Amino acid sequence: DTLLDRRMACLEQRRAALREAATVLAQPDPSVALHALAVVSRLPDLARCDDLERLAAEVPATSDPAVLAATAELQPKLARVQALEHAGLPQAAVQLADELVAAAESVADRGLLAEALLTRGRLEINRLDRPGDQEEILGRAFLTAFGARLDELATEALALRMYTRGRIEGRAALALDDLALAREMLTRLPAAGRLRGLVLNNAGAVHLASGDRPRAASLFRDALAEREATLGREHLEVAYTLVNLALVSPADERASLLRRGLQILDRQLGEAHPQTLEARLAASMLLPDPDQARAMIAPGCAALARFAPGDRTRRARCEAVLGHHAAEADDRQVAASAFLSADALLADADPESLRMPAHEVAEIRGRAALYTGDHTRAITRLRDQLARLPASDEWWQQLRRAELSLLLGLHLDSTRDHPAAREALTHAVTDFERASSEAPDTLHRQRLALARAALEIGRASCRERV
């Protein structure tokens, strides 16, 4: 009887998810149309409700009628949050999730609160501008789930916090502490395959961020094998790990890994979906041929402009990468058009609505200013961002400094401040060279070549003047 009750509750949750997905898909919104495949492909799996071992391991539900009534009211709303997120309506998802966390805090059910916190934490796991907020939410989700003896929820929250901590300066050691704890948590789960794949994948991301590419590659391979065995070869999470593995694989292996990962994303999410586009942007940076790179992302940029005109962050990022590839192909007209489009998207955007770090905004706008001639404001903006970056030896921080220093040098050279330009370009070359052994893509090698060329041209010009 107990197993039957739990199975029926599991099925009811799936039915609620289907109902909420149908409601969201009925909205006449272009963004929803763009995300329709994602909403369907991410519906929770029915097979979970047939796993008797996992059903038997569940913590018994409370017998308090008031708590049961509150849980029954809030559970469908949690499903609605996920449907809104998958439909490309993040602001609506965040607003509802915040309301549910507040409501769950007034209910004497730690399990419900843990699920609400984890749902809220998932919404911003890919935000790069506020990792500290993500760490706090996921930390609360972990502790609440752990206290409620909900080991699956606790392990997932821990795996996501590990990933978040790995992207925060000076938190790598804490991220690896989370990895050790997550491995122990996995031993308590009756069926740990899905979460083991998540833990291994996120551990790989932590080691990649720390510069340990061999260890990251090993973990990504283990994650890929685990996810393929547990979820199937066509699952979305398999695609994410394929793209991650491509970042740390030899050049002769990258193309096949990327091709397979992108094929899965195209089928499961659609060619114009933002996550598919993000993967294509990353993949384009691994291609040495700029025309091939442009062809890979140009349709996605056009689809974003059509279906998600309000998504300034992704559109600006897409246009900027398109501009880079056009510049590498020596197509100045297309490069200028792309960078100016990106600049226009960022110039009048509300900073609070941009899901983009300030240094990236400064970089994109600095590149656009090379085409407009607005050197003075670009120099001020770039110097301000360089002053804000930490003096870190982490390779990704070196790349951030190098990118900004390169642009600063180019703008200073255009204003004929040649000594300051040489100093900035020298810093750019030094940082690019220090990070070159860890940088996973072609873009940074191209930037290094540009910085060296600009520095040499400046030296030659100086010799001519002398």
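Is the crossing of α16 and α17 left-handed or right-handed? In this predicted model, the two helices cross in the left-handed sense. Helix α16 covers residues 290-307 and helix α17 residues 312-328, and they pack at an angle of about 155° with their axes 9 Å apart. Angles over 145 degrees count as roughly antiparallel, so α16 is roughly antiparallel to α17. On the α16 side, the contact is formed by Pro290, Ala293, Arg294, Ile297, Ala298, Cys301, Leu304 and Ala305. These residues meet Arg314, Arg315, Cys318, Glu319, Val321, Leu322, His325, Ala326 and Glu328 of α17. Sorted by class, the contact comprises 11 nonpolar, 1 polar and 5 charged residues.

Helix α19 runs over residues 358-372. Its 15 residues should span 21 Å at 1.5 Å a residue, and the end C-alpha atoms agree with this, being 21 Å apart. The helix is mostly covered, with 11 of its 15 residues buried. The buried positions of α19 are His359, Glu360, Val361, Ala362, Glu363, Ile364, Arg365, Gly366, Arg367, Ala368 and Ala369. Gly373 follows α19 and has a positive phi, near 85°.

Helix α22 consists of the 18 residues 418-435. An α-helix has 3.6 residues a turn, so residues three or four places apart point the same way.

Technical notes
Residues numbered from 1 in each chain as written. Predicted model: local features only at pLDDT ≥ 70, side-chain atom pairs only at ≥ 80, totals over all residues. Heavy atoms only, no water. Helix = DSSP H or I, 4+ residues; strand = E, 2+ residues; numbered from the N terminus. Expected span 1.5 Å × (residues − 1). Axes fitted to C-alpha atoms, helices over the stretch in contact; angles between N-to-C directions. Parallel < 35°, antiparallel > 145°, perpendicular 65-115°, else oblique. Left-handed = near helix turned anticlockwise from the far one by under 90°. Contact = heavy atoms within 4.5 Å. Nonpolar A, V, L, I, M, F, W, Y, C, P; charged D, E, K, R; others polar. Buried < 20%, exposed > 50% of the residue type's maximum accessible area, 1.4 Å probe, protein only.
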